[in-house]
Amino acid sequence: MVSTTATIELPVPADRVWQVIGGFDSLPDWLPYIPTSDLSEGGRVRTLVNEDGGVIVERLEAFDNTARSYSYSILQAPFPVTGYLSTIAVHAGESPDSARVEWSGTFTPDGVGDDEAAGLFQGIYADGLTALKQSLTG
């Protein structure tokens with residue numbers, strides 16, 4: 001198993017950040033490279049379409065509104081990994097008007113090296129968190 005994590009500090013209260021990213025179907029609201037998300041299976045499966053037309057299907061594995069986090073697995077995607085499990089969490093920052101967002105994942109590379117697989121998701125997470133900051137702070 002390989003893991004990677006990206007973190008960002010935001011000058012926005014944690015509850016406000018969670019309002020934006022806490023919905024399992026909310027990626028198009030803050031992640032520009034995922035313009036489409038459709039829920040199925042009672043809201044537990046999301047089918048994402050990226051800006052290149054690629055389809056990613058993910059299952060919600062755990063959701064904790066109080067802790068402001070959720071975990072999901074990938075059922076189908078054009079990524080060179082298996083056994084993917086990711087968690088996105090919003091933590092209170094050092095001040096009441098700030099938050100720390102952490103996006104992490106574990107997976108087994110399939111046909112690529114550990115570093116390449118980790119780098120792929122590190123880039124996705126870091127770029128996503130940068131887009132989140134831009135969405136929230138302009």
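R68 sits in the loop between β4 (55–64) and β5 (69–76), with helices (H or I, at least four residues) and strands (E, at least two) taken as DSSP runs and numbered from the N terminus. This is a predicted model, where local features need pLDDT of at least 70, side-chain atom pairs count only at pLDDT 80 or more, and totals for chains, interfaces and linings use all residues. Residues are numbered from 1 along each chain as its sequence is written, and side-chain values use heavy atoms, leaving out hydrogens and water.

Most residues other than glycine have a negative phi. R68 isn't a glycine, yet its phi is positive, about 55°. E41 also has a positive phi, near 50°, and it lies in the loop between β2 (36–40) and β3 (45–49).

Buried or exposed? For R68, the answer is buried, at a relative accessible area of 16%. E41 is exposed, at 51%. The cut-offs are under 20% relative accessible area for buried and over 50% for exposed, with partly exposed in between (1.4 Å probe, protein chains only).

## The largest pocket

The largest pocket has a volume of about 200 Å³. Of the 17 residues lining this pocket, Y33, I34, I56, F79 and I124 are the closest to its centre.

β3, β4, β5 and α3 (114–137) each give at least two residues to the lining. The largest share, three residues, comes from α3.

On a 1 Å grid over the protein atoms alone, a pocket is an open set of points where a 1.4 Å probe fits, with protein on both sides within 12 Å along at least five of seven lines; lining residues have an atom within 4 Å of a point. Points are joined across faces, edges and corners, and the volume is the space filled by probe spheres set on them.
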